[in-house]
Amino acid sequence: NAMLWPVRLVVDFVFFATGIAGGLLENEQIVPRARDFFFTQGGELGVFPTLFLETGFNPNAGARLIAGVGPYGATVRAGYGGPDANVVEARMRYGFSLGFPAVTSLEGYHDRRTGLGYWGLGQTPETDPRNLFRNGPAIGIYRERRERVIAGLGLRPLTNFEVLLSSSLTQRYVQDPEDPNPTSALTDVFYRPSIVGANRTERVLYSELALRYDSRATRTGVAPGLLIEGYGGISQGVIYESARFGRTGFQIAGFASFVRKSSILSPRLAVDALVPWNDVPIPFKEYTGQPTYRGFDNRRDLVSAVASLDYRWHVMRFVAARLFFDVARVFPSLSELRFDHLRWAAGFGFDLHTSSTQVGRVAVAGSLEGFNLLLTLGVPVGFGDRQHRE
């Protein structure tokens, strides 16, 4: 009892703090007071300070403006954490009816990040012949400036069925860090053919159609159901960028009551693929990653597969606990499907939600590569959103 007392104390504190936070949000004791302080009397316009870590590990301080009039909503935010750690974003959204719910959106985004790493292509980059290392296998460190414009249209013709259309223009510039280590900068680790797109401006136009079926009664708590999603998209380089390729993939996940109704066992499989359409080399940043893998998302290739198993159960009001196990692999093509060198990650965490929306997640995942702290606050982005991935 004495040895486990500190662990129990931490768990009890997490349960108490997250439960109270969820209760405050649900009972509208905190949010209205904050709105009264930061928003105009009618609630149409608000400005408040922010502190976040979205552009890296350095603190990023800024401000956000939110406006809402009837079905129209808009937000603008900006943050600064240094010359290579800043972000500016603007989003507009309009909801309407076509006999069923519909929403259209437009957004612009700019950010600068540094200290990013590239391992190379393949499941085992150190031995993959496509990676041309200068001085032996290593991680190439780089910084990136990125801008994008996204237009989207979402339709829900049936209760459980959604149609998502989107198109984006992304511009990025990748280069070595300002103060690089001579042996770890991207261009010191890799020869040029392995880092297509580095040290030049890359512009890509991407358009996508996604279809999603989700039969769960709620997407915030613990509920049984079935989720199936598939997508297809076309990428076209513009202005001196001639690479053309397609993207396609799917996700299927089941949510079944296990032992009791308040516990859900959820297996999931997510597959993403990039299909080149010409012989022009593809920029290394466009290769498929693994954002659904809860270990370290540091493998890229033409095809990615991530399988996972989650077990969720209610701990208290507005709080659910989660145990999970992920297995992931990338492949040069579907014909080279293999099950050696699998990467895995296992972890435990908590989900915080109200009756209407998810508030956040916190979890710790461990693997052979180390431990990964996962922290998400705010309304989550659903699977299938390639437009906001790297």
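**Salt bridges between strands**

Asp111, Arg113, Glu144, Arg146, Arg172, Glu202, Arg247, Lys285 and Glu286 are linked in a network of salt bridges. A salt bridge here is a side-chain nitrogen of Lys or Arg within 4 Å of a carboxyl oxygen of Asp or Glu. By this rule the count comes to 31 salt bridges.

The model is predicted: local features need pLDDT of at least 70, side-chain atom pairs count only at pLDDT 80 or more, and totals for chains, interfaces and linings use all residues. Residues are numbered from 1 along each chain as its sequence is written, and side-chain values use heavy atoms, with hydrogens and water left out.

Strands (E, at least two residues) are DSSP runs, numbered from the N terminus. Both arginine 172 and glutamate 144 are buried, that is, under 20% relative accessible area with a 1.4 Å probe, protein chains only.

Another salt bridge joins arginine 322 to aspartate 310, with the closest N and O atoms 2.5 Å apart. Arginine 322 lies in strand E13 (residues 319-331) and aspartate 310 in strand E12 (residues 303-316), so the pair ties together parts 12 residues apart in sequence. Arginine 322 and aspartate 310 are both buried.

Arginine 312 forms a salt bridge with aspartate 351, their closest N and O atoms being 3.0 Å apart. Because arginine 312 lies in strand E12 and aspartate 351 in strand E14, the pair ties together parts 39 residues apart in sequence. Arginine 312 and aspartate 351 are buried.

Conventions. Buried < 20%, exposed > 50% of the residue type's maximum accessible area, 1.4 Å probe, protein only. Helix = DSSP H or I, 4+ residues; strand = E, 2+ residues; numbered from the N terminus.
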